[in-house]
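Subject: Structure handover

Hi,

Here is the structure I promised to pass on. Please open it next to this note; my findings follow below.

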Amino acid sequence: MTDISNRTAFITGGANGIGLGIARSLARAGARLVLVDLDADALERAAAELSEKTEVYTAVLDVRDRIAYAQVADDAEAKLGPVSILANNAGVAGGAPANKLTYELWDWGMGINLDGVINGIQTFVPRIIERGNGGHVINTASAAGLVAGAGNSLYCTAKFAVVGMSEALSLELEPQGIGVTLLCPGPCATDIIARTRAVQPKVTRSMSAEQRSNAFARNEEAKKYLENGTPPDAVGDMVCEAIREIRLYVHTDRRALEQIKDRMAALLDAMPPAA
Ligand SMILES: NC(=O)c1ccc[n+]([C@@H]2O[C@H](COP(=O)([O-])OP(=O)(O)OC[C@H]3O[C@@H](n4cnc5c(N)ncnc54)[C@H](O)[C@@H]3O)[C@@H](O)[C@H]2O)c1
């Protein structure tokens, strides 16, 4: 059982969506909050709301920037004390069909969705181990980190990597009193599609008019799919429960059940026959 109250939590992408849901839930449980994000306006709104419940420190940070990351970590710990809950949550949804991917897109997507998580781990895990007071790491992957989808190779590459990293860290850190939670959301009602569209390097220029219109339709469909997804505040509560109970896996719904079963069955079926 991990007690959340009086711990300092560091949440990336904490100004919107799932990160804000996690922040709200942790605040209710009595944690102090460090929220980092690229979105300065949303950080301001989140700080105004949450500082009525707990101490809050915010900083504009691009999780890809290692030097700035270390500086923000030092500043935040000087203000709110040692961080012992880390939520590596910042992420983007983007991608493109395999023949439209560019190195620019790969660097952007892997930079935020994987390197951002690595930078959080590198910055804080040695500190948390060194201090010996236990703690918890939450990595936000996705159901797309457990089952692959056609046209989703960029996102799946990063999210599958976060799954492997989290499982390995859990084996190593749990005996040292540091829990790991791997959050694999299904659709959640956030504005990730619109936010991603606003910042993703352009891929559509080299597409025909028909391809562009198909891409637009897929985007609108994805937005609708997420609108009916799990509310981010409910995800925050699921994460807090998993921290308390030191639970590795959090799914936000059962939508990927059959696909996960099929993938596991295919993996097992490919084993050589028993001797
Ligand atoms: N919404 C879903 O349906 C869904 C499903 C599966 C997984 N996820 C994952 O959940 C996480 C949160 O997504 P969300 O839906 O809350 O999205 P969101 O867009 O609502 O929130 C993400 C936050 O991350 C911030 N961010 C983006 N790039 C950043 C960077 N380089 N540095 C710092 N902050 C950055 C954004 O400004 C935003 O505030 C992501 O990792 C996403 O991949 C979301």
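Which strands does helix H5 lie across? Helix H5 (residues 153-173) lies across strand S5 (135-140) and strand S6 (178-184). H5 runs at about 160 degrees to S6. Helix H8 (residues 232-244) also packs on the sheet. H8 touches strand S4 (83-88), S5, S6 and S7. The direction of H8 makes about 150 degrees with that of S6. Bear in mind that this is a predicted model.

The sheet

The sheet is open and has seven strands. Their order is S3-S2-S1-S4-S5-S6-S7, and the pairing is parallel. Strand S3 (56-60) and strand S7 (249-251) are the edges, each pairing on one side only. From one strand to the next, the twist averages 15 degrees.

Now to strand S2 (residues 32-37). S2 is joined to S3 by five bridges, and the two run parallel.

Burial and core

How many of the six residues of S2 are buried? Six of the six are, which leaves the strand mostly covered. In a regular strand, side chains alternate between the two faces of the sheet. In S2, both faces are covered. Arg32, Val34 and Val36 are buried on one side, and Leu33, Leu35 and Asp37 on the other. Note the charged residues Arg32 and Asp37 in that list.

The largest nonpolar core has 67 residues. Ala23, Leu26, Leu33, Val34 and Leu35 touch the most other members. Leucine 33 is worth a click. Beyond its neighbours within four places in sequence, leucine 33 is in contact with Ala9, Ile11, Ala23, Leu26, Ala27, Leu50, Thr54 and Val56.

The ligand shell

The ligand is surrounded by 33 residues. Gly13, Asn16, Gly17, Gly91 and Thr190 are the closest. Helix H1 (17-28), helix H4 (103-131) and helix H6 (192-199) are the elements that give two or more residues to this shell. H1 gives the most, with three residues. By type, the shell divides into 15 nonpolar, twelve polar and six charged residues.

Most residues other than glycine have a negative phi. Two exceptions turned up here. Asparagine 6, in the segment before S1, has a positive phi near 70 degrees. Isoleucine 246, in the loop between H8 and S7, has a positive phi near 50 degrees.

Are these residues buried or exposed? Asparagine 6 has 11 other C-beta atoms within 10 Å, so it counts as exposed, the limit being 12 or fewer. Isoleucine 246 has 17 C-beta neighbours inside 10 Å and therefore counts as partly exposed.

An exposed loop

Last, look at alanine 150, in the loop between S5 and H5. Why is alanine 150 classed as exposed? Because 8 other C-beta atoms lie within 10 Å, and 12 or fewer is the cut-off for exposed. The C-alpha atoms of alanine 150 and isoleucine 85 are separated by 35 Å. Along the chain, these two residues are 65 residues apart.

Best wishes

Notes
Residues numbered from 1 in each chain as written. Predicted model: local features only at pLDDT ≥ 70, side-chain atom pairs only at ≥ 80, totals over all residues. Pairing = 2+ DSSP bridges. Helix = DSSP H or I, 4+ residues; strand = E, 2+ residues; numbered from the N terminus. Axes fitted to C-alpha atoms, helices over the stretch in contact; angles between N-to-C directions. Contact = placed C-beta atoms within 7 Å. Near = placed C-beta within 6 Å. Core = buried A, V, L, I, M, F, W, Y, C linked by C-beta atoms within 7 Å. Buried ≥ 20, exposed ≤ 12 C-beta atoms within 10 Å, placed from the backbone.
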